[in-house]
2 protein chains.
Amino acid sequence: MIGLAVLPLEGMPEIEQDDDLAGLLHEAAERAGGLGAGDVVVVAQKVVSKAEGRIVHLKDVEAGDFARANAAGQDPRHLQVILDESTRIVRMRPPFVIAETAHGFVCGSAGVDASNTPGDGTLVLLPVDPDASAQALRRRLSELAGVDLAVIVSDSFGRPWRHGTTDVAIGVAGFSPVRDLRGVRDRTGYELRSTRIAVADEIACAAELVMGKTEGIPAAIVRGLRLGGEGTARELVMPPERDLFR
Amino acid sequence: MIGLAVLPLEGMPEIEQDDDLAGLLHEAAERAGGLGAGDVVVVAQKVVSKAEGRIVHLKDVEAGDFARANAAGQDPRHLQVILDESTRIVRMRPPFVIAETAHGFVCGSAGVDASNTPGDGTLVLLPVDPDASAQALRRRLSELAGVDLAVIVSDSFGRPWRHGTTDVAIGVAGFSPVRDLRGVRDRTGYELRSTRIAVADEIACAAELVMGKTEGIPAAIVRGLRLGGEGTARELVMPPERDLFR
């Protein structure tokens, strides 16, 4: 194996609703030398959401009693938006909320973000169906580049027990997000019984290292992987009854 | 930015106790074109533990009552070793255990591993002090290569809510493992209030993508990062009282 390259897609404009995100990604990739067969294009959720118009203006939001009671000095409409995006509150220390989303993801603020938004008083929500977003980007980018690509829509999630966020795949298209080594033997002949690797999340992490939240680099190419199969990021969601860590 | 390269260190022998791991890593790196200033060398915990003799032979273990009561058909001595490595049982579904280790890490089987061990009836434990392991490797590798390097000792951890393992840094030397963007402003001028990125874990993930548990590639170089500061993997452990996700 000759290893991986992780290339930032630089020089993209601020993304607005109905922008041709695939076209802009393709132009940026052309400036970085072009896309190759098997490349994984990792795109930050923020720009996908913006292109899809997943923006809420606080002036259009009315906070309910629960949001007003738990806003802890922050704008209660912000908490209301988070609650509206939540199917379950996992932990709460007002005004901070860890929530489960309709996709099954567990993350801070149900994925609602106030940074890198289109302006004061606006919040960005997760895409309605990030796997569909990834699939649409994959189809159009593969068409533009004339090669078969994979796409990840990524976001930065916190986690228990450890400091800091790491990026995860919330949308996947063109490969199987979990590499299953069950039944495979290691070099000593030992069967790797329970080894399943969340490669999609690891690829999202590799991409984050060149993306940068402050420099306006919303996407990266990860090149050199040998991925296979098909799958969605929904497969990365662990069913509660099988989740020993929960 | 020109991006990152992630290069596997191939052709290393099986590591045994008291092997010169830094020397073997350096030889493998020479075959891969050599080490450069600022490179991060990511080394799988398994080979660090083996070189440090962190091996337990089951024949030397006597299972206590608790291990025998909870072995669920497995060898109770295996569970006893896990208990001996644990400071706290976080979850238990016999024979599976999620435990906190003396380092403060929360992981499956307290990091005790039965795959890629030196032989039947042996288990590999986490290093006693993985930060010290990383620091020693860093010192020796930097000396051999004649350039200033960073080192991560990595392991594959499961996590709540999501399928599959991702790699994390359990030992760090030569950089600050958390990039702190608090107080930094995004492109729209919004202050990124609570954005701390666990770059060490993301680098470990990038490296895992080329390492492979079945191909016997126990290390990788991650090249092209601009890291700074100093720190240890202990800083990645979230104090319980600040852990909203716990």
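Begin with chain A of this predicted model and colour it by its domain assignment: domain 1 covers 5–53 + 127–239, and domain 2 covers 55–124. The C-alpha centres of domain 1 of chain A and domain 2 of chain A are 25 Å apart.

Next, select the contact between these two domains. Domain 1 of chain A gives 12 residues to it and domain 2 of chain A gives 11 residues. On the domain 1 side, look for α2 (45–51) and β8 (150–157) of chain A, the elements that give two or more residues there. The largest share of that side comes from α2(A), with 3 residues. Coloured by residue type, the domain 1 side shows 4 nonpolar, 3 polar and 5 charged residues.

The contact between the chains takes 60 residues from chain A and 60 residues from chain B. On the chain A side, highlight the strands β1 (4–8), β4 (86–93), β5 (96–101), β9 (166–173) and β11 (196–197), then the helix α6 (199–211); each supplies at least two residues. Which element of chain A gives the largest share of the side that touches chain B? That element is α6(A), with 9 residues. By type, the chain A side divides into 32 nonpolar, 13 polar and 15 charged residues.

Finally, zoom in on β1(A) and on strand β1 (residues 4–8) of chain B. These two strands run antiparallel and are joined by 3 bridges. To find one pairing, select A:Val6, whose bridge partner in β1(B) is B:Leu4.

Key: Residues are numbered from 1 along each chain as its sequence is written. Chains are lettered from A and ligands numbered from 1 in the order in which they are written. This is a predicted model: local features need pLDDT of at least 70, side-chain atom pairs count only at pLDDT 80 or more; totals for chains, interfaces and linings use all residues. Domain bounds come from an automatic or database domain assignment. Two residues are in contact if their C-beta atoms, placed from the backbone, lie within 7 Å. Helices (H or I, at least four residues) and strands (E, at least two) are DSSP runs, numbered from the N terminus. Ala, Val, Leu, Ile, Met, Phe, Trp, Tyr, Cys and Pro count as nonpolar, Asp, Glu, Lys and Arg as charged, and the others, Gly among them, as polar. Two strands pair if DSSP finds at least two bridges between them.
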